[in-house]
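Okay, thanks for coming, everyone. Let me put the structure up and walk you through a few bits of it.

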Amino acid sequence: MLIKTQRKQEQELLFRIVFLLLFSFALVYLSIGVEAGIAIFLYPLGLSLSFYLVHWVWEITKYKGDQLLFSLAACLISIGLVMVYRLKPELLDDQLLWIVLGLMVLLLATIFFRNYHKLEEYKYFSAFLGLLLLVVTVIGGVQIGGAKAWIDLGFVRFEPAEIVKILVVVFLAGFLREKRELLSLPTWKIGNYLLPHPRHFGPLLLMWGLSLILLVFQKDLGMALLIFGIFLAMLYVATSRFSYILVGIILFLFNAWLAYLLFSHVRVRVDTWINPWLYLHGKGYQITQALFSLGAGGIFGTGLGLGHPEFIPAVHTDFIFAAIGEELGLIGASFVLLLYLLLIYRSFRIALQAQDEFGLLLAAGLSTVLAWQTFVIISGVIKLIPLTGITLPFISYGGSSLMANFIILALLLNISDKNGRAREVNER
Amino acid sequence: MKDNLQKLFTLFLGAFLLLIGQLAYWQVIAAPSLQANPANQRAWELEKSTWRGGIYDRYGEILAVSRNSDNNKQLRIYPLGEEAVHIIGYNSRKYGKSGLEASYNGELLGINEEGSIRNLVYSVIGRKKRGQDLILTLDNKLQEIAYKALGNHRGSIAIINPRTGEILALISKPSFSPDQLGSQWVKLNTDKNSPLLNRATQGLYPPGSTLKILIAGAALEKGITNEKELFHCPGYIIINGRKLSCYNNEAHGEIDLSQALQVSCNVTFAKLGIRLGINGLNDYLSKMEKLDDSRLGIFLADSNLLKGKYLSPNGLAERAIGQGETLTTPFYMASLVGAIANNGTLMKPYLISEIRSSNGKIITKNLPIKEDQLFSPQVAQEVVKMMEKVVKVGTGKKAQIDGLDIAGKTGTAENPHGKSHAWFIGFAPSQDPQLAIAVIVENGGTGGTIAAPIAKEIFLNALENK
């Protein structure tokens, strides 16, 4: 399957991913799925073929998007599909369908929408759309697993916040590119301190309000934390002003403290973080089961299909990392973390090489989404911080989250494509 | 802005390293305690997919084994039932595990064999894995004999092979049936007589006069007396204004060491205790204190033989006659008398003889190990001769058997819980010892009348077939 190509790295890595997919499907097949029949191998083969199709189309259209970024994402997606097969075989069709749809979106975006700059014109529209989606969710949303974060369209349910996080990045990238100098220049004097003029703060307070809506009305702690993190990170990158971050963190801590006092669902998360063992059979059940899972895995893991991650509620979505820890062990879980770290490294690199400020800020924001979301959910699962229910990018089961990740991937690749073309021009 | 990007990435790099650190904590450092947590359902999942290994006695007789029940579940069968439950233990999803079933759970489930190719293949194709088997030093017949001999008394018996340190029998009464935990659980836990307690290794009693064999040996070894010295016993001795009496205030007159042991004269041993001093006593007690449960697999309570760094003469005298604060277990006393039987050599007691993998391969094999030399062979032989006389003409007469030389020592241990505890420790045949035994009957009265006959019955039944 190795053909002369301009995207050699990608081709070689995808070739290895095919083996990873087939081998791990075979392991799970032998341990849990024999009765389903050999047809199950159509899934890894189908996914491999889809990856190659994307690769070939890029080859033909001379796409310059980062080869490693897509390969790393493909590897994580493959691990995700294997884990969904292992944990909830009945959801395998769903997951593969969403992945294929996502890959199609990725292809369309990378062929017809290479000029990401158009997004900058829609920055305020993005903010408006984001707010609208959230308000609609608050009014007409349905509650699943604690958070009222879903909209039911009858044939499909989706989680608007997944799209909102991208809209937020688009808005902030556009807004900060325009205002970043104003925001960096202190002109407003209070006592001995110089601060940027409050007039520029308005839209930023909007962001703060956005995360409050998420927190208060949707009970969606994970998304609130995510959006707040993106906001602070992008503000810092754009203005270099550490005082913003400090004020932001103080504001956040104040919010968190208020939320702890006011909302029982926040208290539950904090209590079960401080000492889940007190609530072994109640509210601490999920997190303690996850820790048992990690303990059972040890260094080398039980092996795919040989552990008991099924004791953890919601193991195929928010807690999928605990299942990886149990069956693949510390070694396997650390490798997955390293994959994420590489993915994040490549996306930050794209930001560094961006040809313009909007591209830099957009890539920085999207990289932060991936990094921060991965950190927040994994550290919640391993009890480093209180648990907030969000998905693990590319691995967790779930259509909205997968689709959002593919859009992020597409945007990053397009920025990288432009970087690549600029480099080519320079070399000539 | 590019500087800021690099700083931001460094921050995430640090955060991810933190994740790996925390992950390593749960998966390596905290893993054993997570796996052992009773709320962890995995142990029982493993139990379902594993044939639990069997437990066998020294002759290969079954002590515990898993059988298929009608509904295709595993049924744990204990042929000795309540006679050996304190050693073997029980294995219940509801009530937990005890005894060897608990302490060797990992081996019985074959957890350390998890990595073996065969078990890996079994787990992949869904066949039941097999755990490992335990082979004990226990003698199932002797266990039965001793259990019967103790009758309806509350108390305990420990029997070891003095030459090797193999534990042959451990009895604790009252007992309970491992098959009827459900119907008796509440009662077992609230019963004043503590049936769940394994008295042989966890019952702490004052050793009383049985400790005098150690004092006699220590005195001879240290040369602070000899066989010829005569002690005067008026029936009591006054130390620092406090009176210590012989049993029933009996005056024994002019007696030597051997006679003092025969009649268990407190006055003589109080004097020897004071002569030995705390250092002299502790030289010997500390050797006994070293015995631990490392080769037992069942919990051993700490004796406090060495309690108190400094003792007044009154304390020394009390310790020498096995009273005061000194407490010990039947297991310790059997080991002590075993050391005297074995020419003064204390063997390290052990209960697990072999651990075998499911295909019969020996994984662990325990061999006799010398723990320490308690006395020289000469001194040990002196003490043996004195102990023979205790049984022939002294307080242990009720342990006598025609045609079999028995060495022994009785004890009547005063305690704050009512009537004295009756002790007998000894071994037989005295010049070719095969069994060393410690018998205690709680609140039974005097050792000579209550405990000695029990030892006699055991020797009679156990040695006649040999």
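**A helix pair in chain A**

So, in chain A, helix H6 (residues 123-140) packs against helix H7 (residues 160-184) at an angle of about 155 degrees, with the axes 8 Å apart. Helices here are DSSP runs of H or I, at least four residues, and strands are E runs of at least two, numbered from the N terminus. Axes are lines fitted to C-alpha atoms over the stretch in contact, and angles run from 0 to 180 degrees between N-to-C directions.

Before I go on: this is a predicted model, where local features need pLDDT of at least 70 and side-chain atom pairs pLDDT 80 or more, while totals for chains, interfaces and linings use all residues. Residues are numbered from 1 along each chain as its sequence is written, with chains lettered from A and ligands numbered from 1 in the order written.

Back to the pair: H6(A) and H7(A) are therefore roughly antiparallel (that's angles over 145 degrees). Among the residues that meet are A:Leu133 and A:Leu134 in H6(A), and A:Phe171 and A:Phe175 in H7(A); contact means C-beta atoms, placed from the backbone, within 7 Å.

Now, how do the chains touch? The contact takes 31 residues from chain B and 40 residues from chain A. On the chain B side, H1(B) gives the most, with 18 residues.

Chain B has an open sheet of 6 strands, ordered E4-E3-E2-E8-E16-E17, with mixed pairing; pairing needs at least two DSSP bridges. E4 (74-77) and E17 (362-365) of chain B each have a single partner strand, so one side of each lacks a neighbour in the sheet.

Notes. Two residues are in contact if their C-beta atoms, placed from the backbone, lie within 7 Å. Angles under 35 degrees count as roughly parallel, over 145 as roughly antiparallel, 65 to 115 as roughly perpendicular and the rest as oblique.
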